[in-house]
Amino acid sequence: MSDAKRAVAQDESVAAINALYTELALRPDQDFGWGKGKQNAGRHGYDAAWLDRLPDRLWESAAAVGNPFALGPIHPGETVVDLGCGAGADACIAALLVGNEGRVIGVDVTPAMVAKARDNARLAAVDNLEIHEADMTDLPVEDACAHVVISNGSINLTSHKLCVFQEIYRVLRPGGRLQFADMVRDPAAAASPATACESWADCVSGTVEPERYHGMLAQAGFTAIETVSFTGYRTAETTVGATFRARKP
Ligand SMILES: C[S@@+](CC[C@H](N)C(=O)[O-])C[C@H]1O[C@@H](n2cnc3c(N)ncnc32)[C@H](O)[C@@H]1O
């Protein structure tokens, strides 16, 4: 593909992401063809106490593909960054876990999601959560300030995945933890490459095999890299949700 064609394809996928996630923020009752909401989060093993504690409006636009909180504890006083935070359900849970002495920074590129996440933080009565409209390849976050970076169903949506892992490495403290869920190419269907008709915004054609994530994480400097589980969440026959853990040395 020529550079010009690649640039057009990239612009189209950014526009499609913006359109789809604006719909999910503003009209969450539609059938998007993939799981969302509180019941979906329950299927991923979110703690029932969090499902009940947070108002239903927080869950209506949530599109969890797995459960980043099942990948390790988050402690009071820690700083957490949530990449592609959407309407903010995970960011609000993190804000409650870190408490008043802690800080959570949610980042999302879709303005309607950013607005909804800010409203949802007010509804959940958390005041240690800040939401930024930004791209996860260029985080508005200081170097080495985060104890934990989480993400749920978002990294597959960028075509600059290595750049994202390098940004995560930059903002994590030494010893900091990365705990994320994402859509990947199902290893059992790895022989089926992405086709032109697959949607990027629906978390299909931007997916890569789990080993590609391991390679990029290692290249960015991470250690203790693990695929922890496959979550069973699907956006197509060729994709499956998976959870990953890694650590900054
Ligand atoms: C499938 S939704 C998941 C949202 C949220 N993590 C959840 O569990 O409900 C993906 C989110 O990633 C955001 N996103 C996509 N590309 C992004 C990028 N390059 N930088 C920041 N956010 C991005 C979208 O706007 C959308 O809100």
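Helix H6 is followed by Ala125, a residue with a positive phi near 60°. Helices in this account are DSSP runs of H or I with at least four residues, strands are DSSP runs of E with at least two, and both are numbered from the N terminus. The model is predicted: local features need pLDDT of at least 70, side-chain atom pairs count only at pLDDT 80 or more, and totals for chains, interfaces and linings use all residues. Residue numbers start from 1 along each chain as its sequence is written.

H6 itself covers residues 111-123, which makes 13 residues. From first C-alpha to last, H6 reaches 18 Å, close to the 18 Å expected at 1.5 Å a residue. The expected span is 1.5 Å times one less than the number of residues in the helix. The buried residues of H6 are Met113, Val114, Lys116, Ala117, Asn120 and Ala121. They lie on the same side of H6, because they cover an arc of only 165° around the axis. That arc is taken from the directions that lead from the helix axis to the C-beta atoms. A residue is called buried if 20 or more other C-beta atoms lie within 10 Å of its own, exposed if 12 or fewer, and partly exposed in between, with C-beta atoms placed from the backbone. An α-helix has 3.6 residues a turn, so residues three or four places apart point the same way.

An open sheet of 7 strands runs in the order S3-S2-S1-S4-S5-S7-S6, and its pairing is mixed. Strand S3 (129-133) and S6 stand at the edges with a single partner strand each, so one side of each has no neighbour in the sheet. Neighbouring strands of this sheet are turned by 15° against each other on average, direction ignored. Axes here are lines fitted to C-alpha atoms, for helices over the stretch in contact, and angles run from 0 to 180 degrees between N-to-C directions. Two strands pair if DSSP finds at least two bridges between them.

Strand S4 (residues 146-152) pairs with S5 in the parallel sense, over 6 bridges. Here Asn152 has Ala181 of S5 as its bridge partner. S5 and S7 run antiparallel and are joined by 9 bridges. Arg177 has its bridge partner, Arg247, in S7. S6 and S7 also run antiparallel, with 5 bridges. Thr227 is bridged to Phe244 in S7. Strand S7 (residues 239-247) is largely enclosed by the rest of the structure, because 7 of its 9 residues are buried.

Cys203, not a glycine, has a phi of about 65°. It sits in the loop between strand S5 (172-185) and helix H8 (210-220). Cys203 counts as buried, because it has 28 C-beta neighbours inside 10 Å. Ala224 is not a glycine either, and its phi is about 50°. Ala224 belongs to strand S6 (residues 223-230). Ala224 is exposed, with 12 other C-beta atoms within 10 Å.

The ligand has 23 residues around it; Gly84, Gly86, Thr110, Asn152 and Ser154 come nearest. A residue is near a molecule or strand if its C-beta atom, placed from the backbone, lies within 6 Å of it. Helix H1 (3-26), helix H5 (89-98) and strand S2 (103-108) each supply at least two residues of this shell.
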